[in-house]
Amino acid sequence: MPSRRLVAALLAAVTAGTALVGCSSGSEESRCASDGVTITCAPDQRSKTPKVSGELLTGGSYDIAEARGQVVVVNFWGSWCAPCRAEADDLEAVHQATKASGVTFLGINVQDSKDKAAAFEEGRVTYPSLFDPASRQALDFDIPPNTTPATVVLDRDGRVAVVIRRAITRDELQPVVERIAAEQPPSGSR
């Protein structure tokens, strides 16, 4: 019986991965290493980041262009999302552990009300979050609405290095962020 469950779980994972790949434009998946949930792009395979700007939950505005030269970890989340609650402490821990090495974090709140989103963030994370109830930013990153939470790691040149379309733990994320932060930017970029 346990082997049947294992086969069923593997089949479900493969089916879910195939569905995820089919939902996006496939641009990152076709160029980069992908298991259907995590996409990792080598430096010569990376695409430029779409424009990311807008209103912060705490007021004021944000433009990702101002973070050029830093590694940026972008996390798509919603207050209604149980896996988002589960990963919030891990994201904050990685933020604190890596910020001295030129890494910044940005949350992007999707499909939410501003009050619920602000209440969710209170006491959980110290990095800023954009308010994007229509999920426009997520769609610009090829993050389908049904894959919240999702995390995107941008290199120092503003290119998409890693896309993770599921909740993540500190033990998974921190080595990825440290690896991208240790990369040398391409010559002539800046």
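The model is a predicted one, in which local features need pLDDT of at least 70 and side-chain atom pairs count only at pLDDT 80 or more, while totals for chains, interfaces and linings use all residues. Residues are numbered from 1 along each chain as its sequence is written, and side-chain values use heavy atoms, with hydrogens and water left out.

**Sheet**
- Strand β1 pairs with β2 (residues 38–40) in the antiparallel sense over 2 bridges, where pairing requires that DSSP finds at least two bridges between two strands.
- An open sheet is formed by 7 strands in the order β1-β2-β9-β8-β5-β6-β7, with mixed pairing.
- At the edges of this sheet stand β1 (33–34) and β7 (129–132), each of which pairs on one side only.

**Helices on the sheet**
- Helix α3 (residues 82–98) lies across β5 (71–77), β6 (103–110) and β8 (150–154), and runs at about 160° to β6, with angles taken from 0 to 180 degrees between N-to-C directions of axes fitted to C-alpha atoms, for helices over the stretch in contact.
- Helix α6 (residues 170–182) packs on the sheet and touches β2, β5, β6, β8 and β9 (160–164), its direction making about 20° with that of β8.

**Chain as a whole**
- The protein chain has 6 helices and 9 strands, counted as DSSP runs (helices H or I, at least four residues; strands E, at least two) and numbered from the N terminus.
- Of the 190 residues in the protein chain, 48% are buried, that is, under 20% relative accessible area with a 1.4 Å probe, protein chains only.
- Among contacts (heavy atoms within 4.5 Å) between residues at least 6 apart in sequence, 67% join residues at least 24 apart.

Technical notes. Buried means under 20% relative accessible area, exposed over 50%, partly exposed in between (1.4 Å probe, protein chains only).
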